[in-house]
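Here is a short report on one protein fold.

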Amino acid sequence: MRILFLGDVMGRAGRRAITENLAAMRADWRLDFVVVNGENATSGAGLSPDHAKVLLEAGADAITLGDHAFDQKDMMGFIESEPRIIRPLNFSKAAPGRGARVFDAPGGRKVLVAQVLGQVFMKRPFDDPFSHLDTVLKAHPMGGMVNASLVDIHCEATSEKMGVGHYCDGRASIVVGTHTHVPTADAMILPGGTAFQSDAGMCGDYNSVIGMEKDEPMRRFVTGMPKGRFTPAAGEATLSGLYVETDDRTGKATRVVMIRKGGRLAQASPAEAPD
Ligand SMILES: [Fe+2]
Ligand SMILES: [Fe+2]
């Protein structure tokens, strides 16, 4: 199966890059399944129902969220009516929606999508992600119930992300990190057959501080004094993520390519498009 994952969509610039490019990428790269992280798509904080519809209509088969899952309060109700949106398994015992789901892909194939939050350096305490993942992966074995599975590990620390990657190695097709908004250069296939990258990077304007206009974060760093609000940077976005090919029979990854398309990151290092 040919699967594309795109990291945190950041505000209007990120949404625009998705709506302008994803349909062509789906066709040109003959993608079977696309997962997009949408936790920052609305003003950099959360995902509104309208913007969720934009991402789905643009070509996302599934949307994952993160610690900002419910910053847009309308998502609390909307997620119950839109099963293509996945929030972290360990967000809260009281959270609406689901943290994992099996999706249909072309040819009768099945894809599991799951998301967990990490615990290291996060602003709020979350439950142990490993036990949640263990339960979900045991219930959905690759080569049995599903043809492929993707885990979005949403956290700060690269060490924790790598820990989750190795924990899932051989049990998931893809483990990909989100949340830090800067892509790491460690795309690889782990020994057990799981495609992994510590962070996918964001779909946003990289002339920024992790997707936000520079002025306010720079003021806070340099002077220690907040003055205004954070607003998403509005320049051309880079679509950042991971392209993975998997074996439908075993679910294991056979190829992984880091994707950076458009905007500043692609100027420095063009996207290596799948052929
Ligand atoms: Fe986040
Ligand atoms: Fe994010």
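How many bridges join strand E1 to strand E11, and do they run parallel or antiparallel? Five bridges join E1 (residues 2–6) to E11 (residues 239–246), and the two strands run antiparallel.

## Basis of the model

This is a predicted model, in which local features need pLDDT of at least 70, side-chain atom pairs count only at pLDDT 80 or more, and totals for chains, interfaces and linings use all residues. Residues are numbered from 1 along each chain as its sequence is written, chains are lettered from A and ligands numbered from 1 in the order in which they are written, and side-chain values use heavy atoms, with hydrogens and water left out.

## Overall build

The protein has seven helices and twelve strands. Both are DSSP runs numbered from the N terminus: helices are H or I with at least four residues, strands are E with at least two. The radius of gyration, taken over C-alpha atoms, is 17 Å. Along the principal axes, the C-alpha atoms fill a box of roughly 55 × 40 × 35 Å.

## The sheet with E1 and E11

This open sheet has six strands in the order E4-E3-E2-E1-E11-E12. Its pairing is mixed. Two strands pair if DSSP finds at least two bridges between them. The edge strands are E4 (85–86) and E12 (253–261), each pairing on one side only. Within the sheet, isoleucine 3 has valine 244 in E11 as its bridge partner.

Helix H1 (residues 11–28) packs on this sheet. H1 touches E1, E2 (33–37), E11 and E12; contact means heavy atoms within 4.5 Å. The direction of H1 makes about 160° with that of E2. Axes are lines fitted to C-alpha atoms, for helices over the stretch in contact, and angles run from 0 to 180 degrees between N-to-C directions.

## H1 against H2

The axes of H1 and H2 (residues 49–58) come within 8 Å and cross at roughly 20°. That makes H1 roughly parallel to H2, a term for angles under 35 degrees. The crossing is left-handed: the near helix is turned anticlockwise from the far one by less than a right angle, while clockwise would be right-handed.

H1 contributes Arg15, Ile18, Thr19, Leu22 and Ala23 to the contact; H2 contributes His51, Val54, Leu55 and Ala58. By class, that is six nonpolar, two polar and one charged residues. Ala, Val, Leu, Ile, Met, Phe, Trp, Tyr, Cys and Pro count as nonpolar, Asp, Glu, Lys and Arg as charged, and the others, Gly among them, as polar.

## The sheet from E5 to E10

Another open sheet of six strands runs E5-E6-E7-E8-E10-E9, again with mixed pairing. E5 (100–105) and E9 (188–189) stand at the edges with a single partner strand each, so one side of each has no neighbour in the sheet. E9 pairs with E10 (residues 195–197) in the antiparallel sense over two bridges. Methionine 188 has phenylalanine 196 in E10 as its bridge partner.

H4 packs on this sheet, touching E5, E6 (109–117) and E7 (148–154). H5 also packs there, touching E7, E8 (174–178), E9 and E10.

## H4 against H5

The axes of H4 (residues 129–139) and H5 (residues 158–168) come within 11 Å and cross at roughly 25°. That makes H4 roughly parallel to H5. Their crossing is right-handed.

Note on methods: Parallel < 35°, antiparallel > 145°, perpendicular 65-115°, else oblique. Rg over C-alpha atoms; globule rule 2.2 N^0.38 Å.
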